[in-house]
There are 2 protein chains.
Amino acid sequence: MSGEAAFIAALRGLASHPAARGLADDCAVLEVGGETLILTHDMMIEGVHWLAGQDPADVAWKLLATNLSDLAAKGAEPIGVLLGYSLAANDARFAEGLGAALAHFGVPLLGGDTVRNPGPQALGLTALGRACYRPVPSRSGARPGDAVWITGPVGAAMLGFEALSAGDSAADTGTDTTAYRRPVPRLAEGRALAPLVSAMMDVSDGLLLDARRMAEASGVTITLDPAAIPLPPALPPQRARDAMAWGDDYELLFTLAAGAEPPCCAHRIGSVLPCGPAPLLLGGAAPDGPLGFEHC
Amino acid sequence: MSGEAAFIAALRGLASHPAARGLADDCAVLEVGGETLILTHDMMIEGVHWLAGQDPADVAWKLLATNLSDLAAKGAEPIGVLLGYSLAANDARFAEGLGAALAHFGVPLLGGDTVRNPGPQALGLTALGRACYRPVPSRSGARPGDAVWITGPVGAAMLGFEALSAGDSAADTGTDTTAYRRPVPRLAEGRALAPLVSAMMDVSDGLLLDARRMAEASGVTITLDPAAIPLPPALPPQRARDAMAWGDDYELLFTLAAGAEPPCCAHRIGSVLPCGPAPLLLGGAAPDGPLGFEHC
């Protein structure tokens, strides 16, 4: 176990409160005054979570969107957010982008903190939401016989990241980088799905990795049909496997009882089996190679 | 107006939700399901908010304590915290210190995020609390005729910081650095005071600056008696004025109707006047020189 893994394990040990699914499940779920609150906090670091030189308005959008995606996976309605912001060269552009993103999603900024930071810019966002359905969906409820679904394609953010990294503009290559720069959390889909799903999570770190996490949390094996996994039209066929291990698309991965139809646009990509030797099968075999982005 | 000031102003503009006292008042106050929730988020950066090389266990304590102090000023009881953590050299020691601090204050870790960061370590903490008394105290309620009080001395954190900065150990100088390394949020005092005070805030950025903020928010003048301001016994008399402009002591500053006695240990240090030409008087005159630490 690396020092980092030991630290995460130590934090998980500290987070022994029943509400603290946070360190295992991306969100804390808390009963307060007859409501079920969902709390999530994500940090982003310049050069790690976004490309140095990216438009600060896009960074603001993504910071908000990734946290709202955690609420979406819980079928929650956002109440508001708090911002932790280290000052940088183009703060006005960040504020403009944050304002536009907050308005777009109808979410108020409730507070926060600004600090000086001589290093790469560090951002934090805490999102607070209200569960619209109880019990709140978790990643641990998948049952053998369920079908596995996803709300949309994976891989568009990868293409956008690669085009931005290469300094290509859409005019040069025709690549639309929007999916990477401005992901859209599936809030409405999450609320519609919450009463129906047996398990749900957002795909932030790669479909294969997140599907394996769902399988492990549920004590089952998930088998995915590679031909059924939706991919963006612009994706070269030889990049399909890469797209399945790339994150940042923020679609919802969920399981439904066999035969049930989702109330929103979604693609059936696999099914749930009793726990077998491997938690995840792709085309009938345990996948080789990277499954996704392993957070530190 | 500097770029930073313009950014803060822009954020304040975004935070137009009624709950968003956060950017003016350090906390958001939110009605949820019959409860009044208090939310606060502070960031700390290595080399800015703590000395590089400080014991990570002390850093963890201070990160928690400063956020809990914001809850204390609202008379709130902590519900839990979320941690944003960028990995560093001695994560195990941080986890150990955080665990001890959480246990000391009886506060659960509900969730959070860990990230890689090539720069100075960046930490964020979000604290969630439940108001024990409504209306929740704010810094804007001081009224002419009120007396001004503080729960304890200012300056001990300054002495601790100076000793730590100089690399002095307690064995060398006899200086106790605990006040700087491990401030104690006045949670019990805040809860006891909340039903009685007309205004309350914690002194994080310097007594004079925070008193001026309270005066400005309340539309009054606050006059402080320098001889009445409690100082630590170890403070050389010529450092008294410095101590009044130094933060980090996390005592509670509050106003009470004239003649009312606080239900906890506290020192009467001044009184509230109708709004005059200067928001703050010290010994009868507007103070020269720095009043405290102006946040970016």
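Okay, let's start with chain A, where six strands make an open sheet in the order S7-S9-S6-S10-S8-S11, with mixed pairing. A quick word on terms: strands (E, at least two residues) and helices (H or I, at least four) are DSSP runs numbered from the N terminus, and two strands pair if DSSP finds at least two bridges between them. The edges of this sheet are strand S7 (199-202) and strand S11 (280-282) of chain A; each has a single partner strand, so one side of each is left without a neighbour in the sheet. From one strand to the next, the twist averages 25°. Angles here run from 0 to 180 degrees between N-to-C directions, with axes as lines fitted to C-alpha atoms, for helices over the stretch in contact.

Before I go on, this is a predicted model, with local features needing pLDDT of at least 70 and side-chain atom pairs counting only at pLDDT 80 or more, while totals for chains, interfaces and linings use all residues. Residues are numbered from 1 along each chain as its sequence is written, chains are lettered from A and ligands numbered from 1 in the order in which they are written, and side-chain values use heavy atoms, leaving out hydrogens and water.

Back to that sheet. S7(A) pairs with strand S9 (residues 252-256) of chain A in the antiparallel sense, over four bridges. Within that pair, Met201(A) sits opposite Leu253(A) of S9(A). Packed on the sheet is helix H9 (residues 207-218) of chain A, which touches strand S6 (147-150), S7, strand S8 (220-224), S9, strand S10 (267-274) and S11 of chain A. The direction of H9(A) makes about 150° with that of S8(A).

Now the other end of chain A. Strand S1 (residues 28-32) of chain A has four of its five residues buried, so it is largely enclosed by the rest of the structure. By buried I mean under 20% relative accessible area, with exposed being over 50% and partly exposed in between (1.4 Å probe, protein chains only). S1(A) runs antiparallel to strand S2 (residues 35-45) of chain A, and five bridges join them. Val29(A) faces Ile38(A) of S2(A) across that pair. The two strands form a hairpin with two residues between them, and Gly33(A) in the turn has a positive phi of about 55°.

So how do the chains relate? Chain B superposes on chain A by a rotation of 180° with 0.0 Å of shift along the axis, at an RMSD of 0.0 Å. That is the relation of a two-fold axis.

Over to chain B, then. Here there's an open sheet of five strands in the order S1-S2-S5-S3-S4, again with mixed pairing. Its edge strands are S1 (28-32) and S4 (109-115) of chain B, each pairing on one side only. The twist averages 20° from one strand to the next. Helix H3 (residues 56-72) of chain B lies across S2, strand S3 (76-86) and S5 of chain B, at about 145° to S2(B). Helix H4 (residues 91-105) of chain B lies across S3, S4 and S5 of chain B, at about 175° to S3(B).

Strand S2 (residues 35-45) of chain B and S5(B) run antiparallel, joined by nine bridges. One bridge to look at: His41(B) has Thr126(B) of S5(B) as its partner. The side chains of those two also make a polar contact, at 2.8 Å; that term means a pair of N or O atoms within 3.5 Å, where within protein one must be able to donate a hydrogen and the other to accept it, and residues adjacent in sequence count only if both atoms are side-chain atoms. Is Thr126(B) buried or exposed? At 0% relative accessibility, buried. Its contacts (heavy atoms within 4.5 Å), leaving aside neighbours within four places in sequence, include His41(A) and Thr126(A).

Last stop, Asp210(B), in helix H9 (residues 207-218) of chain B. Asp210(B) is buried, at a relative accessible area of 1%. A polar atom of its side chain lies 3.0 Å from the backbone nitrogen of Ser204(B). After H9(B) comes Gly219(B), with a positive phi near 70°.

Definitions and conventions: Least-squares fit on C-alpha atoms with pLDDT ≥ 70 in both.
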